[in-house]
Amino acid sequence: MKKGEKMERREFLKKSLDFIIGGSLLGVIFSIFYPIMKFIFPPKLPEAPQFQVKVGNVDDIPLNSGKVFRFGTRPGIIIRKSDGTFVAFSATCTHLGCIVQYRPDLGHIWCACHNGHFDLSGNVLSGPPPSPLEKFNVKIIGNEIYVTRG
Amino acid sequence: MKRIIICVIFLLIYRFSFAKEDSCIECHNELEGEFKKPVEMMKSDIHYKFGISCVSCHGGNPTIHDESAMDKKYGFIGVPNKKEILKICSKCHSNPEYMKKFNPTIRVDQLELYKTSKHGILLEKGDEKVAVCSDCHSSHGILPPIDSRSTVFPQKIPETCGKCHKDKEYMKEYGIPINQVEEYLEGVHGEALMKKGDLSAPSCNDCHGNHGSTPPGVENISYVCRECHSSAADLFVKSPHKSAFDKLKISECEACHGNHKIEKPSDEMLEPERGICSSCHEKDSKGFLVSQKIYSDIKNLKDKIMESELILNKVYKMGIEVSDAFVMLEDAKSSLINARNLVHSFEIEKIEEAINEGLKICEKVYNEGKKGEKEAITRRKGYGLSLIFFIILIFALLLKLKLREEKTL
Amino acid sequence: MKKIINSTYKWFGERIPLKELIDFISKKGVPIHSYSYWYFFGGICLFLYITQVVTGILLLLYYKPTAESAYESVHFIVANVPFGWLIRSIHSWSANLLIGAIFIHMFSTYFLKAYRPPRELTWITGCLLLYLFLAFGFSGYLLPWNELSFFATKVGTEIVGVLPIIGKPLKIFLRGGEEVSGATLTRFFGFHVAVLPGIVFIILGIHLLLLQIHGMSVPLGMKEEEVKKEPFFPNFFIKELIGWLLITVILVSLSVFFPWPLGKKADPFASAPAGIKPEWYFTFMFLTLKLLPQKVIFIEGEVLGVLIFFIAAIFLLLIPFLDLWSKKEKRNPIFTWIGIFAVLYIIIMTILTYILPGK
């Protein structure tokens, strides 16, 4: 009798072990395939923004004005000159890193921190900045303004 | 033999032609100590490089090879006194036609300016202790200010002015402080110039003037600081403080920021009880209440920025990508800088505009941080769940193996 | 259900030698002795390589191999793609574990003299795989286009350039030009996802085939026919599976708690940050080159260093033909000591690279 019971118990254990193996195996397979499935379907924004940043529309920037925009992790400044053309630069002042601005009354770029002045080619006109502002490229496609690294 | 004779003749001609050029240099070069020093220093002197030598300043006859070269009849004046030095230097340096030949853009108004300076005024009255051209520029071995070895190179100027102005004994009779250089070096401008090497930082001459050096008048201090700090100066000039300070003869920027030991401005300067505002504004007066509001607004934004930075750092350490949020936070920091600058206007509405802009950004950043926190916890929960499946499977398989081995035994 | 399995089995059995295959697998045995545990490392290498291929293909869905977009696309994967952080970190961690496992696998087979006849070809293909995977590591490291990878590649290709005669053309071939640039990135990408996988597919295939043909080698002194064996299926297979599950747990844990950093985007015009080092598995060679004197008799120190490692690589390949004693089942202490020296040298030099004050 005891042997029979033992055999039954053994069978039961073996079956439940197989069941446990099957169940946990399913769990493991799910843990592997679920992330892969979610990965292969693209997120809402399907790709990284190119380094080509859209700054805005031509109509939105009046003549003789400037606008600071985000260029990747750095600030940039785009200026529409009085003749309608666009120029863009890195907006980080080369002196101590403040963000520059466009002065319509002066017709050139100015840094408020220590009174540095830059012309519309990025060169230093006066003040403490030791070197010119990095120039970016501006592309106009239709009514849209795109800025890329120079 | 012929060749040797020709060589000797050439050598003698050469030697004597050198002697024809400059007996001063030749003789003094043979001497020792303080008589030889000027010759050594002249080697790097900018005048010497242009062919201007001892005679141009000291007179004498450079072709005579003995002590009779130093005779009054040749215009020899030996070591000139202060008033003589002025005349000697300005003989050329105030002559635009002459200076144009060497440097078309060099200024020629130094003497004119000097005459308006404290040094110039005192010298006119007969004070021989004051600084004159050679005291700052040195007498032999003069170098242009852009040469880093020059005594008037920006980083060398505090030392040059300090030669007299730090000397207690020397300055005793003038009754002015002697700690300016020391204080300047401890302040932000001194640190920027001397430690960080920012040559655009002001040295003594940038605020006091080079040749026309005078302590700026009380109403003019803001114009001096304005040269670089134009934004703060503009705001100040338009603020109610300008007329008030001028009326009470309080020296504008200097009153709050100091003159030589300009400390890095801190928000604590605005603190109602211990800050600067309360030194004029009585407790509970209008001005006092405004300063209280400004202080609490700025402190609030600063705290919010730190809070956002803390959560972003925490979340970054947990493995979440938050570089975009960090970039957004930089904008908030810019708003804080802007607000701090706007303090000079003492207009609470303007300041609060900048503060609110910063607070809006902080809120967005903080939310990004919170989102990241949630994501990090979700990841760890998912990891934990799948870990359970893995561990169960591993143990179950081990057990199965053990059973199999028992079976085969 | 059973009927479907049976008929499927019958259908395939008429077209491919299914019975013979199943017979073979069921008869396959794995020797049991005190060194049996080292047998797992081959399978671990295989598993990690499979992981690399799978995660690599997944990353390919979003990665952009140009200087302007590479860094941003990796950032995109980590920040925006669901589980992108996991796939990317697993790929980076697995690469490091794989190289470590390959070295362990190589040294264990070396010390157990598994290269004895008839397994010489298995050893040779194995060495070739080691070199190919080092190339995988070197080319893959550049792909995120961050500061560390840019300068590590610059230094690494510079060292290749010191070889006499072939050095300069080889450097230009690797860099796709005089300097490390977007052209280098494109080229390394090509090597990493097409050329190297293609070559590895063939050589790994040969390596595994030879393994099936010859079976597992036994330590010196034992006889293959007499040694106790356990069935490959299911015993050894389950043990190997457990090993693979453990490695997966390790990989995922590393990815969750120590995610692989993005770093700063590479700027070819910036100066190199202090203390640039290659990946850890190259550091023992890197430190050797740094410590060699400028000139050794008539050869430049660096050139001598590169030549020494080149010769060592060839020596490694030819071990089965140099260790004549092992053929006769005799132990030779020289080869054992050479092996111990190599292991200690690699470990000590690697550790030293990280604790010595940065030069």
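Predicted model: local features only at pLDDT ≥ 70, side-chain atom pairs only at ≥ 80, totals over all residues.
I started with chains B and A: 23 residues of chain B are in contact with 22 residues of chain A, contact being heavy atoms within 4.5 Å. Residues are numbered from 1 along each chain as its sequence is written, chains are lettered from A and ligands numbered from 1 in the order in which they are written, and side-chain values use heavy atoms, with hydrogens and water left out.

**Confidence**

I looked up the scores next: ipTM is 0.85 and pTM is 0.78. Chain C has a mean pLDDT of 90, with 99% of its residues at 70 or more; pLDDT is the predictor's confidence in each residue, from 0 to 100.

**Chain B against chain A**

I get about 1900 Å² buried between chain B and chain A, 67% of it on carbon and sulfur atoms. Buried area here is the accessible area (1.4 Å probe) that two parts lose on being put together, summed over both. B:Val327, B:Phe389 and B:Leu393 supply 24% of what chain B buries against chain A, more than any other three residues.

I then checked charges and found one salt bridge across this interface, by the rule of a side-chain nitrogen of Lys or Arg within 4 Å of a carboxyl oxygen of Asp or Glu. The partners are A:Asp18 and B:Lys400, with their closest N and O atoms 2.4 Å apart.

Polar contacts come to six residue pairs between chain B and chain A, both residues at pLDDT 80 or more. The rule is a pair of N or O atoms within 3.5 Å; within protein, one must be able to donate a hydrogen and the other to accept it, and residues adjacent in sequence count only if both atoms are side-chain atoms.

Which helices of chain B touch chain A? I noted H17 (230-238), H21 (323-342) and H22 (348-408), each supplying at least two residues of that side. H22(B) gives the largest share, twelve residues. Helices are DSSP runs (H or I, at least four residues), numbered from the N terminus. I sorted this side of chain B into eleven nonpolar, six polar and six charged residues. In that sorting Ala, Val, Leu, Ile, Met, Phe, Trp, Tyr, Cys and Pro count as nonpolar, Asp, Glu, Lys and Arg as charged, and the others, Gly among them, as polar.

**A stop at B:Asn341**

B:Asn341 lies in helix H21 of chain B. I found B:Asn341 touching B:Ser231, B:Ala232 and B:Leu235, leaving out residues up to four places away in sequence. B:Asn341 and B:Ala232 are 109 residues apart in sequence, yet 6.1 Å apart in space, C-alpha to C-alpha.

**Chain C against chain A**

Here 19 residues of chain C are in contact with 16 residues of chain A. I read off about 1400 Å² buried between the two, 75% of it on carbon and sulfur atoms. C:Tyr62, C:Phe76 and C:Phe83 supply 33% of the area chain C buries against chain A, more than any other three residues.

I counted zero salt bridges between chain C and chain A, and one residue pair in polar contact, both at pLDDT 80 or more. Helices H3 (40-60), H4 (70-79) and H5 (84-111) of chain C each put at least two residues on the side touching chain A. H4(C) has the largest share, four residues. I sorted this side of chain C into 13 nonpolar, four polar and two charged residues.

**Chain A by itself**

I ended on the domains of chain A: domain 1 (7-43) and domain 2 (52-148), with bounds from an automatic or database domain assignment. Their C-alpha centres lie 59 Å apart.
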